[in-house]
Amino acid sequence: MNETPRFDAFDRAITNALMPVRDDPFNAAVPPIYQTSLFLFDSYSELEDVFAGRSTKPIYSRGDNPTVKLLERRIAEMEGAEEARAFSSGMGAIAAAVFAFVKPGDRILTVPHVYSDAFRFFEKVLKRFGVVVDYVDGTDTEKMIAALPGATLAYLENPTSMVFELQDLTAIAEAARRQGVLTIVDNSWATPLFQNPLHVGIDLVIHAASKYLGGQSDTVAGLVAGSHALIGRINSEIYPYTGAKLAPFEVWLVLRNLETLPLRMRHHHEAGLEVASWLKSANAVETVMHPAFSAHPGKKTFSGFGGLFSFEVADHIDVASFVDALRLVRIGVSWGGPESLVVPAKAALSISPETNVFARFGVSDRTIRLNVGLHDPKSVIADLEQAFSAAAK
Ligand SMILES: *Cc1c(COP(=O)(O)O)cnc(C)c1O
């Protein structure tokens, strides 16, 4: 990646976020919340025209709502997509994006260390519907390409959760196109500012807007972005029927927080690197799993980094004591908000391997995931340092 984040992307994102709200009769500077379930029609013929698709107008908010459409348009613009669809959570987006394209007997590919609930969705739900799920080491591009023939789709995450492994999206997308395999990438970590998978030939992009896009730890939301044809298929095959639509107020929160995305991402990029570099030289730490330290070609598609990464503590550090000794850094599972947070893998490793992605694919119980929030990185480092001292055996 380039040494400095792509500031032109920042500028575009700010312009995008502050763009006047189109279609608003009063030119409101902040988008109105269309808090309505239904939209009225003035006549029989207007209703019939809309039902027949001869004219467009929202009908019912489980389908289309103007506030929700605004977020969908903005994310589509930021990802370079023709269209996007918002969901009530990242998992809502993931489940719909996969369900719209698979049928019993199909085989799909994904990577070990995929987001934990995406893994559970594959294991507990998809398999029950007769879909075969193959976990292929995504860091090995040749292996991934060799597994493509005959697969329906490849579900990727660059980088993966917890261990931050990379996949070469460019090479995989190119091979998948040739094989007619649909590619989906969870891009929550990098955000549209730091990675645009569609630009390198990926078909669909997923966002857990609960994380950086929302940015404030105050809402759960998800999005899928891609071509008119693919989003159209999601719309016609599943979106209205699972009812996982995003509420206008939740959209309003995400739209509001999108305005600070460029500033926040600049901070997360820089602060994350500063803390990760310090950890790399700390004698309490064995390894730091941050894409910045990787030589893998999957790094090429990033123009900047998120502030979420993991490290493995050395033998002389007691994991529970370390976590308990932290003061500024809190204990909690999500990420992407203002808080600095840790998740120790050890606490999750007791869950049974069938539904535990860490146990299934071997995450060390010394692994700790750190979300560097909006704190000064120096304060985060000071907190980690005192907690390492308190936890040394
Ligand atoms: C949190 C997360 C999700 C799921 O998003 P929800 O809004 O919690 O459903 C998906 N992918 C990644 C990488 C995540 O961290």
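Predicted model: local features only at pLDDT ≥ 70, side-chain atom pairs only at ≥ 80, totals over all residues.
I started with Leu-255, which sits in helix H11.

Is Leu-255 buried or exposed? I looked up its relative accessibility and got 2%, so it counts as buried, the cut-off being under 20%.

Next I checked what Leu-255 touches. Leaving out residues up to four places away in sequence, I found Pro-31, Thr-67, Leu-70, Leu-71 and Arg-74. I also looked at Val-68: it is 187 residues from Leu-255 along the chain, yet their C-alpha atoms are separated by 9.5 Å.

H3 covers residues 66-79 and H11 covers residues 248-258. Their axes come within 8 Å and cross at roughly 40°, and the crossing is left-handed. Which residues meet there? From H3 I noted Thr-67, Val-68, Leu-70, Leu-71, Arg-74, Ile-75 and Met-78. From H11 I noted Pro-248, Val-251, Val-254, Leu-255 and Leu-258. I sorted the residues of this contact into ten nonpolar, one polar and one charged.

Then I zoomed out to the domains. Domain 1 runs over 8-258 and domain 2 over 261-391. Their C-alpha centres lie 27 Å apart.

Last, I looked up the area buried between the domains: about 3,800 Å², with carbon and sulfur atoms giving 68% of it.

Definitions and conventions:
Residues numbered from 1 in each chain as written. Heavy atoms only, no water. Axes fitted to C-alpha atoms, helices over the stretch in contact; angles between N-to-C directions. Helix = DSSP H or I, 4+ residues; strand = E, 2+ residues; numbered from the N terminus. Left-handed = near helix turned anticlockwise from the far one by under 90°. Contact = heavy atoms within 4.5 Å. Nonpolar A, V, L, I, M, F, W, Y, C, P; charged D, E, K, R; others polar. Buried < 20%, exposed > 50% of the residue type's maximum accessible area, 1.4 Å probe, protein only. Domains from an automatic or database assignment. Buried area = accessible area lost by both parts, 1.4 Å probe.
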